[in-house]
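Here's a quick briefing on some local features of this model, grouped by chain. Have the viewer open as you go.

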Amino acid sequence: MPSAVRTPGQGAALDRRFVDEIRATTVGETRLETCIQCGTCGGSCPSAADMDHTPRMLFAMARAGLRDGVLRSNTPWMCVSCYFCSVRCPQEIHIPDVMYAIKSIATREGIAPESIGADFSRTFVSNIHHYGRSYEVGLVARHYLRHYALRLPGMAPMGIGMVTKGRMGFIPHKIRGIAGLRAILARAGELEAAAQGRKAPA
Amino acid sequence: MTPNEPADSPRVGVYVCHCGTNIAGTVDVAAVRDWAMERLGPHGVVVSRDYPFMCSSLGQELIEDDIRELGLNRVVVAACSPHMHEKTFRGACERAGLNPYLCELVSIREQVSWVHTDKVAATAKAEALLAGGVLRVREQVPLEPMRVPINEATLVVGGGIAGITAALEIADAGFPVHLVEREPSIGGHMAQFDKTFPTLDCAACILTPKMVTAGSHPNITLHTWSEVTDVAGYVGNFTVKVLHRPRYLDTDLCTGCGICQEKCPAKVVDPVFEAGIGYRKAIYRPFPQAVPKFPVLDPDNCIYFERGTCRACEKLCPTGAIRLDQQPEEVTLQVGNIVLATGFEAFDARRVEAYGYGRLANVFTSLEFERMSNASGPTGGQIVLRDGVTEPKTVAIVHCVGSRDRNYNKYCSAICCMQSMKFAHLVREHTDATVYEFYIDIRAPGKAFDEFYQRVQDEGTIFIRGRVAEVTDVLRMPDEAAEDGRLIVQVEDTLAGLQRRIPVDMVVLSVGLEPQADAHEVARRFGITCSSEGWVIERHPKLDPVATMTEGVFAAGCALGPRDIPASVASGAAAAARILGRIQQRELALEPIRAVIDAERCSGCRICNDLCPFSAITFDAVQAVTEVNPALCQGCGVCIAACPAGAIAGTGFSDAQILGQIEGILMFSGAADVGARTASPEPKAPEAVPA
Amino acid sequence: MSSYLYYPGCSLSGSARAYAESLAAILAPLGVELREIDDWNCCGATEYLTLSPLGGYALIGRNLALAESQRNGTSTLVAPCSACYANLAKTDRFVRESQTLREQLNGALAADGLQYTPGSITVRHLLEVLIEDVGLDELQRHVTRPLHGLRVAPYLGCLVSRPDYDRRWAQHEQPHALDRLMAALGAEVVDYPLRTSCCGGHMTQISPDTGFEMIRRLVDAADRREADLLVTVCPMCQMNIDAYQSEMNHHFRTDYHVPILFFTQLIGLAFGLEPKVLGIGTEIVSAHRALGRIGIAVPPPAEVEVEVPAGQAAPAAREARAKRPKGLPMPRLDEDER
Amino acid sequence: MSEDVMTRPHPTDATASATTPREPVVLVFTCNWCSYRAADLAGTARIKYPPNVRLVRLMCSGRIDPSFVLKAFASGADGVLMTGCWPADCHYRVQNVKALRRFELLRRVLEQLGIEPERFQRFYASAAEGPQLAAAFSRMIEDVRPLGPLDWGRLPDLAPDHEALTNPSELDADSAAEAEADLMSLEAVGS
C-alpha cells in the first residue's frame with residue numbers, strides 16, 4: 001500500500017470539494033457526509049482483506065480532501081457490489097453507488113489506467129457499444145489474453161468445458177436498435193459531463 | 001358589562017419583539033413597527049413599539065405602562081409562539097387592569113424568522129400575521145377563567161421505579177394514589193437487574209424496600225395485573241376505568257405461601273421476567289420479592305384451562321383461595337391527575353439478522369445477561385453458555401444494537417454503554433473470561449461514569465472501536481476457532497483500519513430501549529402526544545420536562561425516552577411535585593374556551609347533539625332547545641361549525657375573531673383589490689359573545 | 001395463464017443456457033407465460049456504472065422504456081438474473097426518487113425517441129414470481145418426483161434481497177424463500193448461513209485471488225454441512241462456483257466437489273421432467289453423482305478432470321451435525337415471511 | 001414613518017412587479033394540539049418553507065366552518081390547507097374525523113364553484129411531524145403556483161348554502177361512503 005496515501009506529508013494538497021464532486025457524480029443520494037466512522041462497512045466487506053483501505057477509511061480520506069489518495073486506492077475496484085455494507089450501514093449511505101462514482105472519476109481522469117478492473121469494465125462496455133449485448137467469448141478471450149496469459153493453461157479445462165457444453169456462443173448477438181442505443185449512450189455521456197461541469201467546477 | 005368591555009373604538013397597542021437576533025435577524029422589526037402604525041392605524045392601532053426582549057420584565061412594563069397611560073383596551077404582541085409566552089403577556093395585561101384575554105400573541109419567530117430566509121418576504125409575512133392579530137383582537141371580548149375543584153386522588157400508570165417513586169411521594173404527602181401495573185408485580189425492569197451502574201449497588205437491595213413500602217402504604221391502592229381501559233374527563237376530574245384481569249384466586253384468602261406454584265405441573269418459559277432464559281409455572285409469582293405477594297394463574301398455559309382437568313392448585317391450596325371461575329373486573333376511579341410511567345421495551349435483537357440472535361445459540365441479549373448474572377436468576381448467577389453448564393472463555397459485548405441506526409432507531413439509548421461495561425465487570429467478577437467491548441463511541445457522561453470506564457479498562461477488558469458487522473458460526477479456515485461451536489465476531493477495528501475476525505464463546509448484544517409496543521394506543525387513550533417512535537412528548541423539552549401537552553397528565557421515567565435509574569427516579573419525583581402543587585391549590589383555573597348556545601336562535605334541530613364526544617350537549621325537551629354544559633365542554637368547536645342556525649358561539653375562538661384574522665392576514669397580500677369584485681369584503685356582522 | 005414481460009439478460013443465451021432451458025420447461029405446466037421484451041439490450045452489469053453512472057442508467061433505462069412501450073395487459077417485468085433484476089429495480093427506484101435523474105435519463109432516451117415513466121414497470125425477480133404469484137402450493141401440486149434425500153444448500157446470492165431499496169424483503173441477509181421452495185420440492189434443506197453471501201462477482205476476472213477466496217468460502221461451508229449440491233437463482237453465482245471451482249481448487253490445492261444447479265432445474269426434476277431438457281449435464285462440476293443418489297439418472301459426466309498435485313488434496317473436514325442445545329431455552333424465531 | 005417604509009414594495013403585492021407573477025398565498029388552518037405544534041417544531045428545528053404560507057390557529061380542525069374557507073378564498077387566498085391531528089389521534093377524540101367528512105363535502109362544493117381541488121387540500125401532522133408539515137407547505141405552494149391567481153371573476157355567485165355545507169347528515173350516500181373508505185385507509189396508515 002502506498003504509505004504516502006495514508007499520511008500526506010507537509011503541504012499535501014487537500015481538495016475540500018472532493019466530497020461534493022463525489023456527490024455530483026453519484027446517482028441517487030450519497031449521504032457520505034453523515035458517515036460516523038463506525039466501520040460496519042469495513043467489517044462487512046467480503047473483500048476487505050484485499051483492499052488498500054477499508055471503505056470507512058476511504059470515506060474519511062474523501063472527507064479530508066485526499067482526492068488523489070482516494071482515486072489511486074484499489075478499494076473501489078475491490079468492491080463486489082454485494083450490498084452487505086449498504087443494508088447494514090446505520091447511516092444508510094449508498095456505499096456501492098459511491099464506489100461506482102469514485103471509479104468513474106478515476107477512470108475519467110486516467111488515474112487508474114493500469115487497473116485490470118477498469119480495463120475489464122472498458123472491454124465489457126465496448127462489447128455493449130458494438131453489439132448491445134454482452135459477448136462472453138469475446139470478453140473473456142480478450143481479457144485473458146491481455147491480463148492472464150499465464151493463467152490460460154490452467155483455465156483450459158474450464159474453457160473447453162464451457163464450449164463443449166454449449167455455454168459459450170461464438171457468434172455475438174447484435175440488437176437491431178444498436179444505432180439508437182449508441183445515440184442514447186452518447187447523449188447520456190454529454191448530459192453527465194454537463195451535469196458534472198455545472199456541479200463540480202474544476 | 002365588565003369595565004373592560006370594548007369601548008366603541010378599539011385602542012390597540014402593538015409590540016414587536018426582536019428576541020435578540022432570533023427575530024430581528026430575519027425580520028425588519030423597525031419596519032414592522034412603523035408599518036403597523038401606518039397601515040393598521042385605521043384598524044385601531046394607537047401605539048406600536050419594538051423591543052429587544054418583550055418577555056423581559058422591562059418589556060412587560062412597556063405594555064403595562066401603555067395600558068395605563070394610553071388607555072389601551074387591546075394588546076397584540078408579535079413575538080414567539082403562544083405556547084411559549086401567551087401566559088406571560090396575559091399576566092402583564094392583568095397587572096395593568098386589562099382583561100388578560102384581550103391580549104393576542106402573533107408568532108413571528110416559529111412561523112416567520114426561523115422558517116424563512118428572505119428578509120423582505122419574512123418582513124412582509126410578519127406584517128400580514130400582525131394585521132391578522134390586530135383584526136382578531138378587535139373582536140375579542142373579556143373572558144373569565146373557569147374554576148373547577150380538583151380531585152385529590154392521583155392515578156399512576158406503571159409500577160416501575162419511576163411510577164413507584166411518584167406514587168410514594170404523593171402518598172407520603174397525604175393524598176391517595178392508584179398505582180396500576182400490567183404485570184403481576186410492581187418493580188418493573190429494575191427488579192430484573194442484578195447490579196446497577198456505576199456504583200454496583202445490588203438492584204434488589206435498593207428496590208425491594210420501596211416496593212414493600214408502596215405495597216403497604218395506606219394511601220396507595222395497587223392495581224396489578226390490570227390495565228387502564230378508558231380515560232374520560234379533564235384535569236382535576238378524570239374518570240378512569242381499570243380492568244383487573246383475573247388472578248384466579250381470592251386475594252383476601254391467599255397468604256402467598258407458594259404451595260400452588262410449587263405443585264403446579266405446567267412449566268413454561270418465562271418470556272417476561274426471566275427474559276426467556278428461565279422457566280415459571282402456569283400459576284406463578286414472577287420473583288420471590290414480588291409485591292403484591294399473590295400469584296397469578298396464566299390460563300394460556302394452565303392444564304385445567306387447556307384440558308379441563310388438573311386443579312392441583314385448587315386441591316392443594318391450604319386456604320381454599322383458588323377461584324378458577326374468576327372473571328375480569330372493571331373498576332371506575334375518580335382522579336384529579338395522572339402520571340404515565342409506562343417505561344420501555346427492549347429492542348428485539350432478532351431484527352438485526354447479522355448478529356444471529358435466535359439462530360446462534362450463544363448469542364444473548366442484555367436482558368438475558370441481566371437475568372443470568374442475577375443470583376436469583378435461572379442460572380443462580382453463573383455466567384454460562386446456552387448449554388447451561390459451560391463457562392465462556394471469551395465474551396464479546398456488542399454496543400448499539402438497534403440504536404443509533406437509521407434502519408431501526410436513530411436515537412442513542414443512553415444506558416447501553418454503561419450497562420455494557422457493567423457486564424464486562426460482572427463477567428470478570430464471575431469468570432476468568434477475556435472480555436471484548438465493541439463500541440462506536442463510549443458515552444459515559446454521568447457522575448462517576450467515566451471513572452467506571454477506566455476501572456473496567458483496568459480490569460483488562462479489551463475495547464475495540466468498531467461496530468460489529470456480523471456474528472457467524474461459519475469458519476473460513478478449519479483452524480480459525482480453537483473449538484467447535486465457537487462464534488466469530490467480524491468487525492472493522494477502526495483504529496487499526498483493518499477487518500478482524502475474533503473468535504469468542506459468547507456474544508452479548510446490548511440492545512437499545514424502545515417505547516412500549518402500545519405506546520401510541522396508550523397516548524391516544526390518555527389524550528397526549530408522542531413522537532413517531534412512541535416516546536411521550538413533553539410540554540417543553542427543557543423547561544417542562546415531565547408535563548405533557550394535556551393538562552393534568554404527566555409522564556415520568558422511560559416513557560419519556562431512554563434514561564437510567566437516577567433520572568427515572570428524578571422524573572417520578574418531579575411529576576409528583578407538580579401534582580402536589582396543584583392538589584394543594586384545591587381548584588384549577590381552566591381556559592374559558594367553550595361553546596355557548598344562544599337559546600333564542602337555537603331552532604332545536606338537534607344536529608349538534610350527536611357531535612359532542614364529551615356529552616356536554618343535551619337537549620331540553622321542554623324548551624325544545626339544546627344546551628351546553630360548560631364544565632364538560634372542552635372547546636373543540638365542532639358544534640359551532642355545524643350549527644345551521646349559527647346559534648352556537650365559541651368564546652376565545654368566535655367566528656368574528658377568526659374571520660377577522662383571515663381578513664387581516666390576507667388584506668395586504670396583493671389581494672386587496674379582491675374586495676372590489678366581491679359583494680362583501682368585510683366580515684359578516686360580528687357575533688359578539690358576552691363573557 | 002398469467003403473463004409477464006420478460007428480460008432474460010445476456011447470460012441466459014450463453015453461459016446460463018441451462019437456466020433458460022429449464023425455465024422454459026417448467027413454465028407450461030405452471031401456466032405462466034413470459035413475453036420477452038423485443039430488442040432488449042445488456043443491462044451493463046456493474047461495468048457500465050463503473051465507467052459512467054449516467055450511461056449505465058441510460059443503458060438500463062432503455063430496457064425499461066421498451067418494456068413500458070410493450071406493456072400489453074401486464075406491467076410486471078420478470079428478470080431471472082439477479083444482477084439484471086437489481087439493476088432494473090434500482091433504476092426504476094432512482095428515477096422515481098430523483099427528478100434530476102428522471103430528466104437526465106429521459107433526456108438521453110429521447111436521443112432514440114424513447115422515454116420511461118417512473119413506476120410504470122414493476123421489476124421482479126423470477127424467484128419472487130414463482131413463490132408469490134404461482135405459490136408453493138401450486139408448485140407442490142406438480143411435483144411427481146419429490147427430491148427426497150437430496151441435501152440442498154439454498155444459495156440466493158447478493159442481488160435478490162439486496163440492496164432492495166424498495167424494502168420488499170423482510171430479511172436482507174437470511175431470507176428463507178428459497179429454503180421453503182426447496183422444501184416444497186421435497187428436498188432436504190441444509191441450513192446454509194451463507195445463503196446471501198457474495199460469490200465474488202467479476203473478481204474472478206479482475207482479481208482472481210480475491211474471487212477464488214470468496215468461492216472457497218461458499219463451497220467450503222456447503223461441503224462442511226454435507227450438502228449434495230448448491231442451488232442458486234443467479235447466473236453469475238452459478239458461473240463462479242461452477243466454472244471456477246476447479247481453478248479455485250488448483251489455487252488452494254483443495255479438492256472440493258460441490259455442484260451448483262439453478263433452482264428451475266431442480267423444480268423441473270421434481271416435476272418429473274427429463275434431465276436433458278433441463279440442461280442438466282451442462283454444469284462443469286457434475287451433479288451426476290449427487291442426483292444419482294436420489295435415483296435420477298444423468299448423462300455421464302463429460303467433465304475434464306483437473307490434476308491435483310498428489311498428496312496435497314485434502315477433503316475439507318466434515319463438521320459434526322449441530323447438537324440440539326439443552327440447558328437454557330433458545331429465543332423463539334418468528335416464521336420467516338420471505 | 002419613513003418614506004422608505006411607505007414605498008417599500010410588498011413582495012406579494014400584485015403591483016410589485018409586472019414581470020414576476022405574484023407568488024401564491026396559502027392560508028393554513030391548524031389545530032392547537034397537533035399541527036400548530038408541528039409548525040412550532042418546524043420553527044424550532046429551523047426547517048425552511050415558502051413565506052407565503054400563513055397559519056390560523058383553531059382549537060380543533062373540527063372548528064373549521066365552511067365560511068372560513070370561503071372567506072379565505074374571497075379575501076384573496078390562492079389555496080387553503082386544512083391541517084389537523086391524524087384521524088385516530090384527535091385531542092378531542094374523534095372531532096377531526098368530523099372535520100374530514102366536512103372537508104370532502106366542501107371540496108365538492110368548491111369544485112362546483114370552479115375552484116380547482118388543488119387549491120383546497122388537507123394534511124395530517126402530529127405534534128412531532130414538523131418536517132413533514134413543512135414539506136406539505138412547500139408542496140401546497142407548488143401545487144397552487146401553476147394554477148395562477150384564483151380567477152374570482154369567472155366564479156358563479158357566491159352564496160353557499162350554509163346548511164348543506166355544515167350538516168353532515170346532508171352528505172349524499174356516495175360521498176359518505178367515499179369519505180368513510182378514505183378515512184379507514186387513513187386510519188390504517190395512521191395506526
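At the start of helix H5 (residues 99–109) of chain C, a side-chain oxygen of Ser98(C) comes to within 3.3 Å of the backbone nitrogen of Thr100(C). Helices (H or I, at least four residues) and strands (E, at least two) are DSSP runs numbered from the N terminus. The model is a predicted one, where local features need pLDDT of at least 70, side-chain atom pairs count only at pLDDT 80 or more, and totals for chains, interfaces and linings use all residues. Residues are numbered from 1 along each chain as its sequence is written, chains are lettered from A and ligands numbered from 1 in the order in which they are written, and side-chain values use heavy atoms, with hydrogens and water left out.

- The buried residues of H5(C) are Leu101(C), Gln104(C), Leu105(C), Asn106(C), Ala108(C) and Leu109(C); buried means under 20% relative accessible area, exposed over 50%, partly exposed in between (1.4 Å probe, protein chains only).
- An α-helix has 3.6 residues a turn, so residues three or four places apart point the same way.
- Four bridges link strand E5 (residues 151–155) and strand E7 (residues 229–232) of chain C in the parallel sense, with Val152(C) partnered by Leu229(C) in E7(C).
- Axes are lines fitted to C-alpha atoms, for helices over the stretch in contact, and angles run from 0 to 180 degrees between N-to-C directions.

- Five strands make an open sheet with parallel pairing, ordered E20-E27-E21-E22-E23 (chain B).
- Its edge strands are E20 (363–365) and E23 (462–465) of chain B, and neighbouring strands are turned by 25° against each other on average, direction ignored.
- Strand E21 (residues 394–401) and strand E27 (residues 506–511) of chain B run parallel and are joined by five bridges; Ala396(B) has Val507(B) as its bridge partner in E27(B).
- H13(B) lies across E21, E22 (434–439), E23 and E27 of chain B, at about 170° to E22(B).
- Helix H12 (residues 366–373) and helix H13 (residues 416–430) of chain B have axes that come within 11 Å and cross at roughly 35°.
- On the H12(B) side, the contact (heavy atoms within 4.5 Å) is made by Ser366(B), Phe369(B), Glu370(B) and Ser373(B); residues on the H13(B) side include Phe423(B), Leu426(B) and Val427(B).

**Chain B: Asp405**

- Buried or exposed, what is Asp405(B)? Asp405(B) is buried, with a relative accessible area of 1%.
- Asp405(B) is in the loop between E21 and H13 of chain B.
- Leaving aside neighbours within four places in sequence, Asp405(B) is in contact with Arg88(A), Cys89(A), Pro90(A), Lys410(B) and Arg467(B).
- The Asp405(B) side chain also reaches the backbone nitrogen of Asn407(B) at 2.8 Å.

**Chain B: an antiparallel pair**

- Strand E5 (residues 146–149) and strand E30 (residues 587–590) of chain B pair in the antiparallel sense over four bridges, with Met146(B) opposite Leu590(B).

**Chain D: overall make-up and a covered strand**

- Chain D has seven helices and four strands, and buried residues make up 54% of its 191 residues.
- Six of the six residues in strand E2 (residues 53–58) of chain D are buried.
- Val53(D), Leu55(D) and Arg57(D) point one way from E2(D), and Arg54(D), Val56(D) and Leu58(D) the other way.
- Six bridges join strand E1 (residues 26–31) of chain D to E2(D), the two running parallel, and Thr30(D) has Arg57(D) as its bridge partner.

Note on methods. Pairing = 2+ DSSP bridges. Polar contact = N/O pair within 3.5 Å; in protein donor to acceptor, adjacent residues only side chain to side chain.
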